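Here's my note on this one, kept to a handful of points. Have a look at the fold first, then read on.

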Amino acid sequence: MSKNYNIAVIPGDGTGPEVVDEALKVLKVAADKYAFKLNFESFDYGGDRFIRTNEALPDSAADEMRKFDSILLGAIGHPDVKPGILEKGILLRLRFELDQYINLRPVKLYPGVETPLTGKGPEDIDYVVVRENSGGIYTGIGGISRKGTTDEVAVQSMVYSYAQVARCLRYAFDYTQRRKKKNTLALCGKTNVLTYVYDLWERTFHDIGQKEFEDVSREYYHVDATCMWMVKNPEWFDVIVTGNMFGDIITDLGAITQGGMGIAAGGNINPEGVSMFEPIGGSAPKYTGQNVICPLACICAGAMMLDALGEYEAAKDIEQTVMTITGTKLDGLQAGRMGYSTSEVGDLVAEGLR
Ligand code: IPM
Ligand code: MN
């Protein structure tokens, strides 16, 4: 009996809907080829809905999403809505309410894609960042007093519980084992300054590593040094695990080394629940409706989604097809220069897969 998956689709803002269309095009071909079924249901969460209704997300949204096997998201962010409202009200709220405590972000340079790192190629840039996705500064604990005066004080705390750190580290160790590459997990922290939070991370890292994953090698880097080595020696890395804020920052750096936001895909994962996959770039409002944005990140997010659903062959096939196309048709691909339109790139991948 063929498998049947119900997918919630949130095209979102700006160029989100355009790249989601291409991902769906490719996913449909994959479903035909590998004989499983995908049922898509679209949700209008995003800036336009907020402007119309003054509500970023209905309170029922998380429960609604829990009925699905997975979620595919385009982009959130609207030029007419104050920064923070949609990001917090939609993206972060869904991540938190669905407890998607892992943000999995592969940094992989595909053949033919230009990297700003001189002398580095696809064999050097191929690692994965496991970003903790439920805590840290992102919990928004803090406040402001005496706003607008010269006595104003603002606090936003980096908050981590042992349980949050431990579940993220266990996922990262397990992922490192399953990846079967260098079997090396690097913790990225700041133990020389954040002597409480990253001390908790470091102790837990070694404790769990020693007791439960003794075959996985452990390394530690401060976050500033991590940035340096991601540029100078990206080939050192296999899997990097880090907290929410550092993970946010280093994955933008990683994305640019793999060819930019048009390529970089990610997954907000709840290993025990409903996950949400997305291109990690934003809504690029400037380019909305122009059919010029690169859809590969969203297509690869779709592949990551299939992998998480257990359709490993189909997921691998999509990524392999993308790599063939970047290596041949889109040779020299870099931000803002594809040589093809958004929908043509989607067609190339769909045809290649077929
Ligand atoms: C990301 C984004 C989000 C984040 C924003 C839009 C809230 O930058 O997915 O990396 O900081 O997590
Ligand atoms: Mn980010």
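1. Let's start with helix α10 (residues 312–327): its 16 residues reach 22 Å from the first C-alpha to the last. That is close to the 22 Å expected at 1.5 Å a residue, where the expected span is 1.5 Å times one less than the number of residues. Helices here are DSSP runs of H or I with at least four residues, and strands are E runs of at least two, numbered from the N terminus.

2. A quick word on the ground rules. This is a predicted model: local features need pLDDT of at least 70, side-chain atom pairs count only at pLDDT 80 or more, and totals for chains, interfaces and linings use all residues. Residues are numbered from 1 along each chain as its sequence is written, chains are lettered from A and ligands numbered from 1 in the order written, and side-chain values use heavy atoms, leaving out hydrogens and water.

3. Back in α10, the buried residues (under 20% relative accessible area, with a 1.4 Å probe and protein chains only; exposed is over 50%, partly exposed in between) include A314, I318, T321, V322 and I325. Among the elements covering the buried residues of α10 are α1 (16–34), β4 and α9 (296–309).

4. Now the sheet: 10 strands form an open one with mixed pairing, in the order β2-β1-β3-β12-β11-β4-β5-β10-β8-β9. Strands pair if DSSP finds at least two bridges between them. The edges are β2 (37–42) and β9 (217–222), each pairing on one side only.

5. Zooming in, β1 (residues 4–12) and β3 (residues 70–75) run parallel, paired over 5 bridges. A8 has I71 in β3 as its bridge partner.

Definitions and conventions:
Contact = heavy atoms within 4.5 Å.
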